[in-house]
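Hi,

Here is the structure I promised to pass on to you. Have a look at it first, and then read my notes below.

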Amino acid sequence: MATDLQKEFCSLRDTYIEKQFGRLNEMQRQAVFTTSGPLLILAGAGSGKTTVLVNRIANLIRFGSAHGSSYTPRPAADEDLRALRTAIMTGTDVPAWLDGMMRCEPARSWNIMAITFTNKAAGELKARLRSMLGDEEGDEVFASTFHSACVRILRRYAEEIGWPRSFTIYDTDDAQRVMKALYKEQNVDEKFYPVRSMLNQLGRWKDQLTAPADAAKEAAGKTKPELAARLYGLYEKRLQEAGAFDFDGLIYYTVRLLQEHKEARDYYQNRYHYLLVDEYQDTSVAQFQLVSLLTGPAQNICVVGDDDQSIYRFRGATIENILNFERYYPGARVIRLEQNYRSTSNILNAANCVICHNTERKGKTLWTKNGEGAPVHVYQAEDDREEAAHIAEVIGQHLRAGGRLSDHAVLYRMNAQSAPLENYFTRAGIPHKIVGGQRFNDRKEVKDIHSYMSIVANPRDDVRLRRIINEPARKIGASTVDTIAELAGQEGVSMMDIISHADEYARLSRAVGPLLKFWQIYQALQQALDTCPLDLFAEKVIELTGYRQMLRQQAAAGHREEAEDRENNLAQLVNNVKNYCDTRGVDASLEGYLEEIALISDIDSYNADADQVVMMTIHSAKGLEFPYVFLVGMEENIFPGSMSLYSEEDLEEERRLAYVGITRAKQELYISHCATRMLYGRTCYNEPSRFLSEIDPAYLETTRSPALERPSRPSWGSLGDTVPGGASGYSGPSGRAAAPRSGYLNREYNAPARGGAGRAPAFPGAPAARPAAPRPAAAPAGARRYAPGDVVMHKVFGRGVVTRVTPAAGDLIVEIRFDKVGVKKTMANFAPLTKVSEGEA
DNA sequence: TTGGCTGCCTTTTTT
DNA sequence: AGGCAGCCAA
């Protein structure tokens, strides 16, 4: 029986704990104080879910389930109450001797596991835990991505399920190579069943935990599924032989391991008492199963997600996980976080309007105490180029008013849309960064060198071996490689084993020279690994394999630009290895490095600090926020994409994507669409997106391009205003100069390759052979010449004075000191620049 | 075996 | 438009 003193102590303790989390709103606090049992937090965009996660972990560690309980480890004394009251009043921590009474069944930090989807999210979580709990305690919480968590588990138990401890991780490209090899062996026609869709199918099976045998049963009698199921079995076998997992395999086999091996299961269930899962709406069946296996009977599982932001259904995410959470876990608590701290109400209302049109959702309406803000700007552009110009102009206005470039993000549906924007931005001299698209580690030369490094770490890795055995060319052709593979298959050894005694096989006699030479190179690499630090090893790989020499030759043979680029990328690779060594110190290992690069992506290295406009797909932008967001290409066939127009489910996913895009904006949102656009080399006329018409016009402010107000005028009629004298390219005095290679202007130097031709289009996409005739008088021939002292008007940066002019690559680099935004460099032929007055020559 | 040319296809993609 | 795969000629 609790004494009155104890009761009072508990109530004061509640007050104290509440105050510790006083900056949270009521719903957030409820989420934090629900410490045990299954909990589903439906967290709307911008509702502070990371804050909730971090605070919930902090509460688990500092107070456990003390809040709202009547537990005290010993009878409370007057002195205890007094100290507690003081702490509450002064806002200080309780004295150490009270610590024991403040907590009930607290968790230790190493008993907590938090799983996210991206390295970036995991990193952010870790950083915030460190700052809340202190470095030491914060680091002890296991926060990682699904995939790294699985790698960690498999590194411990892989042998239990027949994989080597030092397994390799295959990316999509590796997987494709395996599948293509299988197609060849099995005489499957790629046109009958494209490799991509085949791999998608296998991925879906793995996401759904369907084993090859079950897939075969399910597929019986249907030609295509039967083929897929057969290849599924072969593919998995092939990967096991290579000692590799693909991305889906990492999850799939971890689940299998935990299902089948009690010891492994018990280990993790005893180790982790509390599980938290972020972005739960993006989990697959397999990931759900993984989580529930790790949770064990205690069911202390907390998942955070937003069904309205589920945008990876196409990759196996099942929105049902979130919709059915309560069915899986009877008695689960559901808490909705609907207060938004990010956006203005106009932006939020627009987002709500759009998402309301979906039927498959839990239902949730975001609101905010932030003001109404500006209406959502909708701009109808003439074409994609003019859309870019308009965005640049708006950014320019903000800059002149003191805004920062990095406050602006341009978001699009697909990577292909970045090209016209990027063109305009580089030419106008607007610093920008494209996130996503071709990743550094996906570049051919980088992948090649990594493949060499992989086969040193894992000689069984036939896929990577095939990749580089003739790269650079060493007279080991496809037929030789096939023979080796066949021999390896017959003898049940790896291809490298065959190569190491190539001279013993009559069938390889023709290629025996090159093969033994390759074997020598391989041995030299192994030796280099044993004797050098890792970064030097990487350097030696580039050298010993002849890769550098090959690039040098290509450079000499007239591909200088490309070959130099590649060599620079390899230098960067060596740099990355060095960085890896520096951060890992004595723990650095080849396997560790390869694992890291396999699991890291472009968005992870996105750094919001650099003052640049960011451009990325909406998918990549999930989880990010920006004061000013431009949502471009809001057109039917683009957004929603033409592939999704005929399926209600796909359309709903597109709509969620639109919702994600809209809710990235904090202060102002600019949505634009074009009357005309170039897509796949074809001119398209797309209607404005249906998502636009779903928004109540009360939240919108619509403007059109001036060019569209005069529909009879040819479209280029307006170009002259923005690009004076565009047609008469000034060619640098001596034609092409060597391109300097620094700064954000990098790509511009290459751009005007058509340089001195005199008929170069003002912009890509502008009519190429436009005669000099219909151009406004404001742009006389020769307007492209600038001299220091000239006063110019730039469409984005405003008024400025030319400080320096340098000829380069058939164009002029004009350095201008702008009144409002400081010194910038632009290209004379392409910048939206007008001369106001001549300087003193 | 290599390289060049032609013809095809084109979403999104945290890992 | 552009990147890639596949085919053919040397």
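This is a predicted model: local features need pLDDT of at least 70, side-chain atom pairs count only at pLDDT 80 or more; totals for chains, interfaces and linings use all residues.

Before the notes, one term: a polar contact is a pair of N or O atoms within 3.5 Å; within protein, one must be able to donate a hydrogen and the other to accept it, and residues adjacent in sequence count only if both atoms are side-chain atoms. There is one between the side chains of Asp448 and Tyr547, at 2.5 Å.

Residues are numbered from 1 along each chain as its sequence is written, chains are lettered from A and ligands numbered from 1 in the order in which they are written, and side-chain values use heavy atoms, with hydrogens and water left out.

Back to Asp448. It sits in helix 21 (residues 444-457); helices (H or I, at least four residues) and strands (E, at least two) are DSSP runs, numbered from the N terminus. Asp448 counts as buried because its relative accessibility is 1%. Buried means under 20% relative accessible area, exposed over 50%, and partly exposed in between (1.4 Å probe, protein chains only). Leaving out residues up to four places away in sequence, Asp448 touches Arg467, Ile468, Glu471 and Tyr547, where contact means heavy atoms within 4.5 Å. One of these, Glu471, is joined to Pro472 by a cis peptide bond with omega near 0°. Pro472 is in the loop between helix 22 (462-468) and helix 23 (478-491).

And chain A as a whole? It has 33 helices and 23 strands, and 54% of its 841 residues count as buried.

Next, helix 6. How many residues does helix 6 have, and how far does it reach? It has 15 residues (119-133) and reaches 21 Å from its first C-alpha to its last, close to the 21 Å expected at 1.5 Å a residue; the expected span is 1.5 Å times one less than the number of residues. Ala122, Leu125, Leu129 and Leu133 are buried in helix 6. Seen down the axis, the buried residues fall within an arc of 60°, so they line one face of the helix. (The arc is that of the directions from the helix axis to the C-beta atoms.) An α-helix has 3.6 residues a turn, so residues three or four places apart point the same way. The cover over the buried residues of helix 6 includes helix 3 (49-62) and strand 2 (112-116). Just after helix 6 comes Gly134, with a positive phi of about 95°.

Helix 15 (residues 285-295) is mostly covered, with eight of its eleven residues buried; among them are Phe288 and Leu290. In the loop between strand 6 (274-277) and helix 15 you will find Glu279, which has a positive phi of about 50° although it is not a glycine. Is Glu279 buried or exposed? It is buried, with a relative accessible area of 14%.

Last, the DNA. Lys180, Glu190, Tyr680 and Gly681 are the residues around DNA strand C, meaning that one of their heavy atoms lies within 4 Å of it. A polar side-chain atom of Glu190 is 3.1 Å from a phosphate oxygen of DNA strand C, while a polar backbone atom of Tyr680 is 3.4 Å from a base nitrogen of DNA strand C.

Cheers
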